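Student: Could you walk me through this structure? I am new to it and would like to take it piece by piece.

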Amino acid sequence: MNTPMIEPRSALQVFRDNLLAAPRRLRDAMFRSGKPTTDRTRSTFVFGNVFLHLHSVRTHRWNLRWTTTMGLGIATTAAFLITLVTGVLLMFYYKPYPDAAYDSIKDIHFVVPTGRFIRNIHRWAANVMVVAVILHMARTFYTAAYRRPREFNWLIGMGLFVITLGLSFTGYLLPWDQLAYWAITIGANIAQSPREVTDALNMTEWFDPGGFQRLLLLGSDIVGDEALIRFYLLHVMILPLALVALMAVHFWRIRKDGGMVRPADADGRLESRKEETYPVFTEAPKKTYQLAAIVKGKTSVVNRGPENTVPSMPHLFYAELAVLMLTTLICIGLSLLSDAPLKELANPAVPENPAKAPWYFLGLQEMVAFSAFMGGIGIPSIVIIGLGLIPFLDREEQGTGEWFGGAGGWPLVKQAMVVGFGASILIEALVIRFGWLREWFPAVPQLVITAINPGTVLTLVYALYSVWLVRRYNSTRAGALGLFTVFLCGFVVLTIIGTYFRGPNWEFFWSPADWPGH
Amino acid sequence: MNKNKHLLLWSSLGVFLLLFVAAGQEEFGKEWRSIQKASRSSEGALDVRLRQIVNPTLGISDRCVSCHVGMAPGESGITGAAVTAAHKNVVHQTADYGCTTCHGGQGRATEKADAHGTVHFWPQPMLPMKYSQAGCGTCHSSLNVPNLAGLEKGRSAFERLDCLACHRVEGRGGTIRPGGGGMEGPDLSHVGVKGYVANWYDAHVQRHEQAAELPWKNSFGAISEADRAALSDYLATRVGASKLIEAKAQFNSLGCLGCHKVSGVGGDAGPDLSRAGEKDPGQANFTHVPGAPILSNWLGEHFRSPLGIVPGSQMPMMGLNEKQIDLLTMYVLSLRRRELPGAYLPKDRVSALRFGAREFATDGATIFSAICAGCHGADGKGARYPGIPPFPNIAGPDFLQVASDEFITETIKQGRPGRKMPSWSSEAGLKPEEIARVVAYLRQLGGNTALVTDTNPPRWVKGNAAEGVKLFAANCSGCHGAKGEGGEGPALNNKVLLSTANDRFFVETIGKGRRGTAMKGFLEPSPVRRALTQAEIESIITFIRNWETKK
């Protein structure tokens with residue numbers, strides 16, 4: 001019998017083998033646990049990856065249902081990532097200085113290869129992000145996902161919402177065209193609106209928070225180069241960093257607060273599991289096995305078995321990637337259909353009439369038309385405070401994780417929608433048809449109008465309605481549902497009126513075709 | 001999970017497909033690429049790339065030459081589509097001045113509609129080709145253009161004296177002799193830019209006297225001094241923009257400056273026109289303008305019927321013909337003066353800025369027709385527009401015989417406060433010597449009517465004011481207003497009039513009237529009233545004089 005001679009490989013052969021093996025070794029070095037084919041490697045795939053480890057390694061099947069989250073949080077994140085990538089590309093060509101800014105946008109539009117396309121995607125993704133974040137907030141609200149222990153994450157979410165609007169708004173000025181210039185002028189005037197009150201009290205001279213806010217925003221008395229560099233810095237640096245930081249907290253808190261919200265009886269309502277989705281624990285663990293000594297409370301699986309989970313890799317990641325790609329598809333599709341607007345070069349001497357803020361602020365602008373202070377500061381503050389208080393006022397537990405809190409919720413929401421739409425349309429119709437206090441009693445002091453204007457009346461009606469709901473159903477949840485719904489409806493109505501039915505001098509027109517001079 | 005997989009698959013495929021479409025648009029959807037691909041230069045196929053003229057001083061990046069390749073710097077002999085033709089020879093180098101500086105449009109754009117500026121939100125669309133000389137107005141003010149009659153005088157002298165036999169102007173004249181040679185004199189089309197030899201006449205005479213043979217021998221003759229002056233004026237306006245010069249002359253013939261300011265000179269009744277050629281079509285109302293929504297159409301329609309375009313416009317219907325409208329449109333389009341970096345300031349602009357040089361020639365005739373003719377008529381006989389009280393006849397002998405030069409000068413200087421006549425001694429008005437020329441021209445216009453002198457002092461009338469009240473109410477108030485505030489006739493309670501006109505002016509005017517106007521002589525009876533006596537006229541004047549001091 002011949003034992004083959006073990007020939008020592010020459011250094012050259014070793015080199016060749018190493019070279020051939022390099023790709024495999026690189027892969028092994030990057031993904032330390034090998035292909036995610038077993039439970040174990042699928043788990044390490046998740047927690048061994050810095051980007052994925054915010055996910056849990058296993059995902060409950062309830063969470064993967066499209067109706068649970070509708071992917072809105074991921075869609076918002078996806079839209080943000082798209083704006084991030086396209087935004088960085090745009091920064092290569094954009095010059096943040098008046099006039100040069102406009103020219104550079106023209107260059108991006110006409111000369112930079114795919115520049116117009118990239119800019120369109122950026123613009124559409126920004127709008128998709130605003131819409132998605134509002135819908136995400138509504139979803140969170142209607143499934144009562146803000147309840148204990150997720151109150152704080154609800155607040156973080158509100159912060160993200162505000163930053164999203166801020167990002168969108170600061171981006172609005174950058175093209176330095178008429179649209180941008182006058183929208184920012186309107187925005188800055190909204191910031192200055194506390195003057196309405198200080199003026200009425202005759203104390204602006206020594207106490208002028210409105211003027212200060214405006215100055216802080218613009219860095220000057222006018223919308224000029226100082227404002228542009230401020231908005232640019234906020235847009236490309238400060239707000240994105242803040243957003244990323246808060247997003248990290250937001251995602252992290254999802255897990256720390258017990259994962260995605262589910263109804264208590266979620267397991268029972270899922271159809272029987274398929275082969276591949278076998279449980280890890282066949283019976284409920286009685287105690288937590290992780291960091292028991294230093295973590296307060298219990299981890300989510302304690303006393304909750306046998307659970308109904310599947311490995312996050314690949315089930316959750318397919319879902320997330322699908323939403324990411326769908327969002328991308330929507331943004332790209334819209335970009336091919338419609339160009340981002342670019343009007344004439346900004347000209348402080350020729351005011352746009354009507355000058356309109358970005359669409360998501362047109363509801364505010366509609367109220368600002370009634371009273372600058374209440375519309376621009378007062379009511380938004382009330383709404384923000386109200387939203388922030390909701391998780392601390394609604395301490396019920398029934399219906400958590402259910403759309404509209406289960407049976408009875410949807411009829412209530414429908415009723416609230418009727419009230420929300422009805423009241424806002426009615427009061428707008430009244431104002432448009434008959435005017436308001438100023439038209440009826442020309443001598444009425446401004447403070448009275450600040451206190452009593454269509455915006456505040458509408459807010460009061462909504463508030464009274466939800467108080468009535470709390471008493472009628474003897475439930476804070478009912479009141480919260482109603483309140484959120486009516487405000488959402490009011491926002492929609494005011495935004496639509498501001499967007500489509502307001503013309504020169506903020507007068508009502510059925511169609512832009514009826515505008516004078518056009 | 002399957003549903004998610006499918007969603008991922010299909011949306012990824014969709015993204016891929018749309019990116020493919022976008023890439024295709026980028027590569028094959030650009031017109032300038034196909035134009036360049038189809039063009040050939042003397043060296044064969046063109047290098048397909050974005051071409052542009054960049055001039056940071058003028059602030060232009062003109063990509064027009066990406067399609068109009070033949071106009072790109074350094075390109076010549078391009079063949080291909082019509083757009084690739086070379087630029088015709090003009091005073092300025094296109095490689096330096098770019099395209100949009102003169103033609104307007106959006107230089108940064110790379111697509112036809114955007115580049116030509118006929119899109120929403122581009123305030124400076126291209127000037128229509130027939131008005132392209134209006135583009136000169138971006139930098140030039142082009143000085144001292146006479147009125148149409150003055151321009152015509154020079155042109156006709158030029159042709160009558162057969163200068164075209166040897167010289168070429170705007171493509172005419174300068175006969176080429178059979179067998180080569182000819183066109184003895186230089187081309188004078190641009191002679192106004194650099195100026196011409198001041199002693200050209202003497203030089204011509206000298207050449208003529210020394211010449212032994214044709215053409216100098218017999219094709220030149222003596223030219224009168226008046227003709228030489230007319231020729232000089234004409235040649236000064238040959239700057240390579242004859243139609244624009246004609247348009248300016250037209251503007252200087254209609255008295256528009258009586259109400260409108262241009263470059264700081266003119267009246268206040270109408271809007272300042274200094275930059276009217278830059279009006280953003282997006283800000284104009286085209287509801288009642290036929291044709292394309294471009295500024296030239298708006299202007300033309302506005303000249304035809306101001307009120308039909310601008311509600312509440314005070315501008316009278318001038319009754320212009322189409323040629324005049326065309327020229328005025330050209331003129332207004334040329335009012336597009338841009339701030340210029342020093343290196344690009346043309347001489348005419350400097351002399352206007354630094355030395356207050358006028359855009360109109362400052363002889364009495366041109367000043368009168370450029371400023372006064374709008375209201376007082378080109379012949380000075382007054383004008384009547386619908387809805388506006390008639391403007392007085394100031395060139396009739398009845399007026400000129402009693403109005404002294406001082407009176408007319410003061411009237412021009414102080415105006416008639418409260419009436420249309422503004423004061424012309426302000427910054428936006430005329431210099432004293434210019435006013436003097438206008439007054440002299442006015443006498444000439446009125447058939448060289450001189451003031452008939454008399455020996456009375458300025459104020460000698462002493463009538464019965466109480467009597468005058470009744471007489472005024474009965475005879476004068478119908479036209480001049482119950483309080484002399486004016487109506488169909490001029491205002492008589494005007495302080496400037498009362499302080500500058502002497503008694504004789506009133507006595508003669510009331511007594512003899514003004515021929516050619518509604519004012520009849522009151523010493524004669526008319527079918528509706530009796531004649532007034534001299535004493536009664538004096539009473540009226542005494543009464544009128546009370547307004548000079550009374551509020």
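This is a predicted model: local features need pLDDT of at least 70, side-chain atom pairs count only at pLDDT 80 or more; totals for chains, interfaces and linings use all residues.

Student: Okay, starting with chain A, how many helices and strands does it have?

Tutor: Chain A has 21 helices and two strands, and its C-alpha trace spans about 115 × 60 × 45 Å along its principal axes. Of the 518 residues in chain A, 40% are buried.

Student: And which domains is chain A divided into?

Tutor: The assignment gives domain 1, covering 48–265 + 312–341, and domain 2, covering 379–518. The C-alpha centres of domain 1 of chain A and domain 2 of chain A lie 24 Å apart, and the contact between these domains takes 18 residues from domain 1 and 22 residues from domain 2.

Student: Which helices supply the domain 1 side of that contact in chain A?

Tutor: On the side of domain 1 of chain A that touches domain 2 of chain A, at least two residues each come from α7 (115–142), α8 (151–173) and α10 (195–200) of chain A.

Student: What about the domains of chain B?

Tutor: The assignment for chain B gives domain 1 (34–126), domain 2 (148–238), domain 3 (248–355), domain 4 (374–445) and domain 5 (465–549). Taken over C-alpha atoms, the centres of domain 1 of chain B and domain 2 of chain B are separated by 37 Å.

Student: I noticed α24 in chain B; what span should that helix have?

Tutor: Helix α24 of chain B, residues 534–549, has 16 residues, which at 1.5 Å a residue should span 22 Å, and its end C-alpha atoms are 24 Å apart, which agrees.

Student: Which residues of α24(B) are buried, then?

Tutor: The buried residues in α24(B) include E536(B), I540(B), I541(B) and F543(B). Among what covers the buried residues of α24(B) are α20 (465–475) and α23 (503–512) of chain B.

Student: How do α20(B) and α24(B) cross?

Tutor: Their axes come within 7 Å and cross at roughly 95°, and α20(B) and α24(B) are therefore roughly perpendicular to each other. Residues making the contact include V469(B), L471(B) and F472(B) of α20(B), together with I540(B) and F543(B) of α24(B). The residues of the contact of α20(B) with α24(B) divide into six nonpolar, four polar and two charged.

Student: One last thing: where is G98(B) found, and why does G98(B) count as buried or exposed?

Tutor: G98(B) lies in the loop between α3 (94–97) and α4 (100–103) of chain B. It counts as buried because G98(B) has 24 C-beta neighbours inside 10 Å, and the cut-off for a buried residue is 20 or more.

Student: What does G98(B) touch, not counting residues up to four places away in sequence?

Tutor: On that count, G98(B) touches I53(B), N55(B), L58(B), I60(B), D62(B) and G107(B). The C-alpha atoms of G98(B) and V65(B) are separated by 9.2 Å, with the two residues 33 residues apart along the chain.

How values were computed:
Residues are numbered from 1 along each chain as its sequence is written. Chains are lettered from A and ligands numbered from 1 in the order in which they are written. Domain bounds come from an automatic or database domain assignment. Two residues are in contact if their C-beta atoms, placed from the backbone, lie within 7 Å. Helices (H or I, at least four residues) and strands (E, at least two) are DSSP runs, numbered from the N terminus. The expected span of a helix is 1.5 Å times one less than its number of residues. A residue is buried if 20 or more other C-beta atoms lie within 10 Å of its own, exposed if 12 or fewer, and partly exposed in between; C-beta atoms are placed from the backbone. Axes are lines fitted to C-alpha atoms, for helices over the stretch in contact, and angles run from 0 to 180 degrees between N-to-C directions. Angles under 35 degrees count as roughly parallel, over 145 as roughly antiparallel, 65 to 115 as roughly perpendicular and the rest as oblique. Ala, Val, Leu, Ile, Met, Phe, Trp, Tyr, Cys and Pro count as nonpolar, Asp, Glu, Lys and Arg as charged, and the others, Gly among them, as polar.
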